[in-house]
Amino acid sequence: MFKNLFLAFFLFALSFLLRTASGYIINDSFSVLLSNCVSVISSVLPFLIYRIFYKSDIKKTKKQNGSDALPIFFSALLLANIVTVIEKIAVNYFEFSSNNTDIPRLGAFEFLVYILFSVLFVPVAEEYIFRKNLLEILSEYGVLPSLIASSLLFCLIHPFGAKSYAFIMGIAFCLIFMRCGFKYSIIFHMINNSINIILSIFQKSFGAKVDIFYSIFVLAAGIISAFLIIKKILKGGGKNRKKT
């Protein structure tokens with residue numbers, strides 16, 4: 001009964017251990033490019049080995065197009081930003097220390113590598129681990145438990161100040177994966193990382209003006225997206241009632 005649960009946590013723990021160990025071992029002696037390569041490959045390796053020895057017996061269903069991905073993404077982005085603001089207020093109130101999630105100060109080459117991995121390689125690796133593998137392994141326990149468990153594990157690898165954000169966006173990526181497929185979950189994970197990097201860069205130059213513009217954009221996009229999702233749910237419910 002708990003075979004897949006133990007498998008999921010074992011693979012995640014091994015992936016996390018290899019990723020952490022590689023960071024300590026190669027940081028000082030390897031170039032930033034090679035260091036990032038080894039870190040990503042180390043975290044994905046247990047799941048690649050798992051795929052070699054395990055053939056999924058889950059029937060592949062025909063994936064829908066990506067029309068659902070955009071409203072899911074922006075609805076989650078609005079909720080994630082609201083929760084992040086609440087989290088920051090709570091952290092400041094209780095005077096907890098949180099890890100800095102800003103882009104580190106790097107040279108031109110290191111910064112380019114950081115962008116390359118944050119926007120391209122990391123989203124592919126994380127979607128492969130948490131959606132393509134962990135979500136499927138845990139699927140025998142039901143949609144909601146597997147979705148929550150995968151997202152909780154996803155948020156564990158993120159710094160303290162970004163855990164709530166990562167959990168909510170993890171749920172969004174799970175929903176996009178289930179509704180639209182692996183390709184779309186990767187694409188919107190890349191979009192999410194790109195938005196955060198661009199926001200962090202412009203915040204240093206323009207300060208509060210960027211936050212105001214970003215907040216208005218996310219609020220408008222999130223409300224419209226939530227409206228579209230609710231409309232689609234109600235429309236689907238209406239069709240089901242007519243059939244009965």
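**Entry 1: Glu126 and Arg19**

I looked up the pair Glu126 and Arg19 and found their side chains joined in a salt bridge, 3.9 Å from N to O. A salt bridge here is a side-chain nitrogen of Lys or Arg within 4 Å of a carboxyl oxygen of Asp or Glu. Glu126 sits in helix 4 (residues 108-137) and Arg19 in helix 1 (residues 3-26), so the bridge ties together parts that are 107 residues apart in sequence. I took helices (H or I, at least four residues) and strands (E, at least two) as DSSP runs, numbered from the N terminus.

Next I checked accessibility. Buried means under 20% relative accessible area, exposed means over 50%, and partly exposed is in between (1.4 Å probe, protein chains only). Glu126 is buried, because its relative accessible area is 6%. Arg19 has 29%, so Arg19 is partly exposed.

The model is predicted, so local features need pLDDT of at least 70 and side-chain atom pairs count only at pLDDT 80 or more, while totals for chains, interfaces and linings use all residues. Residues are numbered from 1 along each chain as its sequence is written, and side-chain values use heavy atoms, with hydrogens and water left out.

**Entry 2: more salt bridges**

How many salt bridges does the count come to? I get five by this rule.

One of them joins the side chains of Glu136 and Arg51, at 3.4 Å from N to O. Glu136 belongs to helix 4 and Arg51 to helix 2 (residues 32-53), so this pair links parts that are 85 residues apart in sequence. Arg51 is partly exposed, with a relative accessible area of 23%.

I then turned to Lys232. Lys232 forms a salt bridge with Asp68, and their closest N and O atoms are 2.4 Å apart. Lys232 lies in helix 8, and Asp68 lies in the loop between helix 2 and helix 3, so the pair ties together parts that are 164 residues apart in sequence. Is Asp68 buried or exposed? Asp68 has 8% relative accessibility, so it counts as buried. Lys232 is partly exposed at 44%. I also found Asp68, Arg179 and Lys232 linked in a network of salt bridges.

**Entry 3: the whole chain**

I counted eight helices and zero strands in the chain. Of the 244 residues, 37% are buried.

I looked at contacts, meaning heavy atoms within 4.5 Å. Among contacts in the chain with a separation of 6 or more, residues 24 or more positions apart account for 78%.

Then I checked pLDDT, the predictor's confidence in each residue, from 0 to 100. The chain averages 85, and 82% of the residues score at least 70. Which helix has the lowest confidence? It is helix 8 (residues 208-243), with a mean of 84, while helix 6 is highest at 96. I keep one caution in mind: where pLDDT is low, the predicted coordinates should not be read in detail.

**Entry 4: helix 3 against helix 6**

I looked at helix 3 (residues 69-94) and helix 6 (residues 163-180). Their axes come within 8 Å and cross at roughly 170°. That makes the two helices roughly antiparallel. The axes are lines fitted to C-alpha atoms, for helices over the stretch in contact, and angles run from 0 to 180 degrees between N-to-C directions. Angles under 35 degrees count as roughly parallel, over 145 as roughly antiparallel, 65 to 115 as roughly perpendicular and the rest as oblique.

Helix 3 brings residues including Phe73, Ala76, Leu77 and Ala80 to the contact, and helix 6 brings residues including Met169, Phe173 and Arg179. The contact residues divide into 16 nonpolar, three polar and two charged. Ala, Val, Leu, Ile, Met, Phe, Trp, Tyr, Cys and Pro count as nonpolar, Asp, Glu, Lys and Arg as charged, and the others, Gly among them, as polar.

**Entry 5: single residues**

Met169 lies in helix 6. Met169 is buried, at 1% relative accessibility. Leaving aside neighbours within four places in sequence, Met169 is in contact with Phe73, Ala76, Leu77, Ala80 and Asn192.

Ser151 is in helix 5 (residues 143-156). Ser151 is buried too, at 0% relative accessibility. Ser151 touches Phe167, Gly170, Ile171 and Cys174, not counting residues up to four places away in sequence.

Last, I checked Phe9 in helix 1. Phe9 is partly exposed, with a relative accessible area of 42%. Phe9 and Leu134 are 125 residues apart in sequence, yet 8.7 Å apart in space, C-alpha to C-alpha.
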